[in-house]
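Trainee: I would like to go through this structure and ask, for each term, what makes it apply.
Mentor: Go ahead.

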Amino acid sequence: MRVLGVVTMVVACVVFAGFLGLAVWQISGAPAPVSLPGLLAVNLEASGVEHPVTAVLLNFRSYDTLLEIGVLVIAGIAGISMARTTSLEDPDLRTSDSLLYALQRWFVPLMLLLAGYLLWAGSDRPGGAFQAGAVLAASGVMMRLGGIPMDFLRPGVLLRLGLALGFTVFLLVAVASALAGEAFLAYPEGFAKPLILVIETVLTFSIAMVLLALFVSAPVNRAQEPEEGERG
Amino acid sequence: MSSQLLYAFAGVALCGIGLFGYIRLDHLLRKLLAFNLMGSGVFLVMVGLAQRGGEPDPVPQALVLTGIVVAIAATALAVVLIRRYYHLSGRTTLAESGPEPKNTPKPEAHPEGAEV
Amino acid sequence: MSTGALLPVAALMTSLLASVIIFALPETRSRLRTVINLGAALLKLALVVVMIWGVVQGQAYEVAFTMVPGVEFVLRADALSMLFAGLSALLWLLTTIYAVGYLEDSPNRSRFFGFFSLCVASTMGIALAGNLFTFFLFYEMLTLSTYPLLVHRGTPKALRAGRNYIIYTLAGGAVLLLGIAWLHGLVGDLRFQEGGYFAEMAPALQAPLTIIFVLLIAGLGVKAALVPLHGWLPQAMVAPAPVSALLHAVAVVKAGAFGIIRVVFEVYGLEAAREMGLLAGLAVVAAFTILYGSTRALFQMDLKRRLAFSTISQVSYIVLGLCLAGPVGAAGGLVHLVHQGIMKITLFFCAGNYAETLGVHRIDELDGAGKRMPGTSAAFTLGAFGMIGAPPLAGFITKWTMGSGALAVGMDWVVAVLVASSLLNAAYFLPILHRLWFAGQQAPLPEERRWGRLETSSWLLWPPVLTAVLIILFGLFAGTSYSPLGWVELIVDREVAL
Amino acid sequence: MTLWLMAGLLFTPLAWAVLTLLLDFSKGRVVTWLGILVQVLVSLGLWATVASEGGFHYLLGGWQAPLGIELRVDGLAVTFVLLTALVAAACGWHGGLYLDPGKSWHRYFWPLFWFLWAGLNAVWLGGDLFNLYVGLELISLSAVGLVALGGQAEALRAAIRYLLAALLGSLAYLLGVALVYGQTGSLSLAGVATLVSDGAVSSGPVFPLVLMLLGLALKTALFPMHGWLPPAHGIAKSPVSALLSALVVKASFYIAARLWLELGNELGSYVLAQVIGLLGALAVVWGSWQALLQPKLKQVVAYSSVAQIGYLFLLFPLTWGVAGAVSLQAQQGITLQVISHALAKSAMFLAAGNLILSAGSNKVDALAGVSRFLPFSLFSFGLAGLSLMGLPPTGGFAAKWLLLQASLGSGQWWWIVVLLVGGLLSAGYVFRIYRASFVEDSGTDHFYHPPRSLEVIPMILALLALGLGLVSDSVLSVMALPFDEGGAG
């Protein structure tokens, strides 16, 4: 019986992959009628950054990015909403390994440097806010594992401010652009590059915060509330 | 077929495998990993299919970047939920009821059992 | 919107607003509640009288707006609607008075009277509806507003009755809706019009129109309690007496019958319906229902239950009258809408009085009740004789007109049905009268209450007496043009003027 | 003017999300009610603008599609924006009074609530396939966060199940988008539609469309993929359940419907349409049947959602390969169904919350005597029930009527059976609640009486659902407005 189930599942997945592959094959046969890269190349100067991916992310499709950061913040919020304690610190997760501790002294600064570089590089070659933020968060994770106390990670106003900072700035820019008479999210002439840089910087910080918060959040405890209608 | 299409087909394979894992596995973390596998597959298809002409197309790359962030956010949230769920119920699957798992964590005991 | 158009809306609103206010009132404000009830009832009656006057002058009150794309919401006062509106307005007033006395210091009164007014509002809407769509709207509203009245007591028995009522009526409603929707898809939005629409109709439509007719009648027949769709009615008598009175005389049962009248007269057209051979089948069903109901009534020992079965048979007179498909027969059927109403409400009022005052529910407990409650019993007697069809009472007028109508169109077997049912009526009413007047009281009355010098509370006594008087008047003055019969003949002239 | 309205519409929810994130519950409540006011006004303004001047495209960042993202502001979109504003306002209002400020984690209700609202607006207006994906994820994650807000094991299980289903769904959708982009090189829905109808792309494989519809159907909890819905909607706090049932599931359906109406006639097929319709029909029957059996009040309401969602999928068969007039009727009917269900179901959940609060138990049987001692919430529940049953004069009835006409007009009479039987079944589970409440067990009032303000809110929603039927013609007329295709990508 069990075997039969597995077999059917396998068949189903194979069929699915088959259809998918077929579709891919058929599609790859014919050229796409619209070529965005062309359009992109034409409008790249106006976007204010040299690197097309960054241009798409933060100018042409900046609305996507705005919402995407929103998603990230939501995850962060939902994460810390699980917390029932004053500090997100979880001593159980500390490993005081002397070697790790020693290495950190070297690694953490190095990683911070790398993050900075990635951020700066974003404008003209691969890199950008998210990559930088990820590296930053990673260094945070290392510190955490290395047992360096991180008391700033309380579900207090500071943490929440940190979560929201990048998103807020991005949003403010968007609105400012709207107030400046352009459409929502349309950067005024010439301001594109500096604005994008500012946004990227704060985004980096916030992304790192969110990822770190999600890593350390929901420390374990027995707090819970009864289901609706069950007095308790 | 152009070499870029290889990525697309790799993505197709990943999707298939991921789907299988997703419906087959019960352990929530494994399910989650399967989901991420599928996600990578989708991203590969997106990029690979778009740049079949040879020259890379930055738009899908940007989309994939966005997609990755979203996927990470979702995954992280899922992990947080699963972790707390495991701690409160001692379960690592969505099974309504059934035999309690071997090592139900005691409040004081180390919460991150080998289960997770 | 002209003042003329406003009248139907106002007539509807009086009871709607009344119900809203009553719901809002706290349980304890019974005095104020009574005032509002009676005030609304009187106001409505006045409005209806005004409209009747206008209709006689040939004035048309109408208000319409597009509700759903392609469908209009139409309220309109014409001769036919006034027949029903007048009946319900009059009987609502009496029933309200009765109900106030009946439910004195019992719980949940604000809930009861709220839904009571809502129920009457929907009846008024059914009367004034200007097309099938609007009719259906209020038809369902009636279903829902009567449910809380049925289950008012909250006893398991009441709840069961309520459940069956809902199952029957909602299923019927679904069938009716299907019929209406189909008709609408076929020929568009049809306002009721005298003489109907299908006098000259493409033969291609014959088949679908026949099916639709069956659907419509089936849907309406549930409320009209045509056999075999009558199952809910006998159980429904667990409701408080005023509710049963309303249910059997005006609201639910009559709504079904009135719907059938509308469909036959003003959608299909009497002539067309006959030519399509739709009426013959209906006539058989009606005749069977008449005999079946009367026969079942014979064997009921619970008073209200016997009355319920008698209703099943009596309401089918109306349908049978239509099926005679001649001006005279139709008049007989239509006028029974009113006559059956007042007679049956009288009987239920009396049954309620016996229950409230003497605690009597079963017929064999009624021995000698006539001496204890002469007024009530006199009213009951009149109602019973009316039902049997003794001249010069209202019931006699009905049966006479129908009989002559039947002969006019050469459906002699209908006369046989009428005679048979009259005999059956006599068979199940006369024993009751005998017990009331001539049998001596053996057993002590179950639970007797005293109201000083009157035989019962004056709230309970006067309504049946009044309706009983009406039974005589409608019979005696049937010839005059303002009697129900006169009014019905005016309608029939407009409908069957070919 | 329009610019301000749009900016307000897109900006307010996000900004308020951040603001309320920094505040505690009670302060957040005040701020939120302020924001709700703004949001409702803006939505009304936009609706009025479109109603008077017709729809338009809004270029975000000033970039035209396909390079940039265009918002499609047409009659349908603004209608749903307005609907969202009404329902969300009610739920926010109710939630502020219903949730216990003492629990520290309730403060996170507000930011999640606002992010949810932002996501909904993004989806109603979105005209870009990928942007719609992001909007969907915004909605799903905040919804999951809201469900899990209790933090209790059952809630977490429901939340995880919901999250996994939602993720799978949106992934399938994204895969479809990837294929479509590969095929056409464009992400703008309107652009793709024109390309397909012009035959610029060989209409080619149906697979991408099927994939997207499948994913969206999973997120909409179409039978048999509905397993995740009842636990999640049943266990969440009542205001949350109301939001989820009324709006969240509609978002994914809205996208599916838009896809179908734009691409269905070229890429779809009769069989596909009928199969989807069949699943919808099964959902109607199965959901109602389950609702009849549930012992818990909110489970009844949740399963009724499964059933009511089933009706929506009749859109697919009733718009494929039928006369324009019939298709229009079907679309209007479905739109009414969405609106009336949103209003009625939110009313029902909020009322259910009040009843549970009063009876102190979420069992149906615990309602005995409710109709005697606190009829108000029961009334709201009942009125909402009318709309679900599709009885006149509610919006549900108007929707049912239009769908009946469409089924008759398209000759697909079998859907009529579904519509009528579904109505009767829903009557079954609604009357089951009435019946329980009419039972007279004890003459004493042992109920907790919630504050009036809590009870008024569901009543307002229920009355709206009731009145919708009477004005449905004028409501629908806004959707039929001319849409200037200028600037369509």
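Mentor: Start with contact: two residues are in contact if their C-beta atoms, placed from the backbone, lie within 7 Å. This is a predicted model, where local features need pLDDT of at least 70 and side-chain atom pairs count only at pLDDT 80 or more, while totals for chains, interfaces and linings use all residues. Residues are numbered from 1 along each chain as its sequence is written, and chains are lettered from A and ligands numbered from 1 in the order in which they are written.

Trainee: Among contacts in chain D between residues at least 6 apart in sequence, what share joins residues at least 24 apart?
Mentor: That share is 80%.

Trainee: What makes chain D agree with a compact globule?
Mentor: The radius of gyration is taken over C-alpha atoms, and the globule rule is 2.2 Å times the number of residues to the power 0.38. For 489 residues the rule gives a value near 23 Å, and chain D has 21 Å, so the two agree. The C-alpha trace of chain D spans about 75 × 55 × 45 Å along its principal axes.

Trainee: What is chain D built from?
Mentor: Chain D has 19 helices and 2 strands. Helices (H or I, at least four residues) and strands (E, at least two) are DSSP runs, numbered from the N terminus.

Trainee: How do you know which residues of chain D are buried, and what percentage are they?
Mentor: A residue is buried if 20 or more other C-beta atoms lie within 10 Å of its own, exposed if 12 or fewer, and partly exposed in between, with C-beta atoms placed from the backbone. Buried residues make up 72% of the 489 residues in chain D.

Trainee: Why is Ala221(D) called buried?
Mentor: Ala221(D) has 30 other C-beta atoms within 10 Å, so it is buried. Ala221(D) also has a positive phi of about 65°, although it is not a glycine. Its place is in the loop between helix 8 and helix 9 of chain D.

Trainee: And why does Ala225(C) count as buried?
Mentor: Ala225(C) counts as buried because it has 28 C-beta neighbours inside 10 Å. Phi of Ala225(C) is positive, near 60°, in a residue other than glycine. Ala225(C) lies in the loop between helix 7 (206-224) and helix 8 (232-235) of chain C.

Trainee: Which peptide bond at Pro224(D) is cis, and what is its omega?
Mentor: The bond joining Phe223(D) and Pro224(D) is cis, with omega about 0°. Pro224(D) sits in the loop between helix 8 (207-220) and helix 9 (229-235) of chain D. Another cis bond runs from Pro392(D) to Pro393(D), with omega near -5°. Pro393(D) is in the loop between helix 16 (375-389) and helix 17 (395-410) of chain D.

Trainee: What makes a set of residues a nonpolar core?
Mentor: The set consists of buried Ala, Val, Leu, Ile, Met, Phe, Trp, Tyr and Cys residues joined through C-beta atoms within 7 Å. Of the 529 residues in the largest such core, Ala75(A), Leu77(B), Val147(D) and Ala159(D) touch the most other members. Helix 6 (residues 153-184) of chain D gives the most to this core, with 22 residues. Leaving aside neighbours within four places in sequence, the contacts of Val147(D) include Ala155(D), Ala159(D), Tyr162(D) and Val240(D).

Trainee: Which chains share the most contacts, and which do not touch?
Mentor: Of the 4 pairs of chains in contact, chains A and D share the most contacts. Chain A and chain C do not touch, with their nearest C-alpha atoms 25 Å apart. No contact joins chain B and chain C either, and their closest C-alpha atoms lie 35 Å apart.

Trainee: How many residues does each chain give where chain D meets chain A?
Mentor: Chain D gives 64 residues, in contact with 49 residues of chain A. By class, the side of chain D that touches chain A has 39 nonpolar, 21 polar and 4 charged residues. Ala, Val, Leu, Ile, Met, Phe, Trp, Tyr, Cys and Pro count as nonpolar, Asp, Glu, Lys and Arg as charged, and the others, Gly among them, as polar.

Trainee: What does chain B give to its contact with chain D?
Mentor: Chain B gives 28 residues and chain D gives 23 residues. Helix 3 of chain B gives the most to the chain B side, with 15 residues. That side has 22 nonpolar, 4 polar and 2 charged residues.
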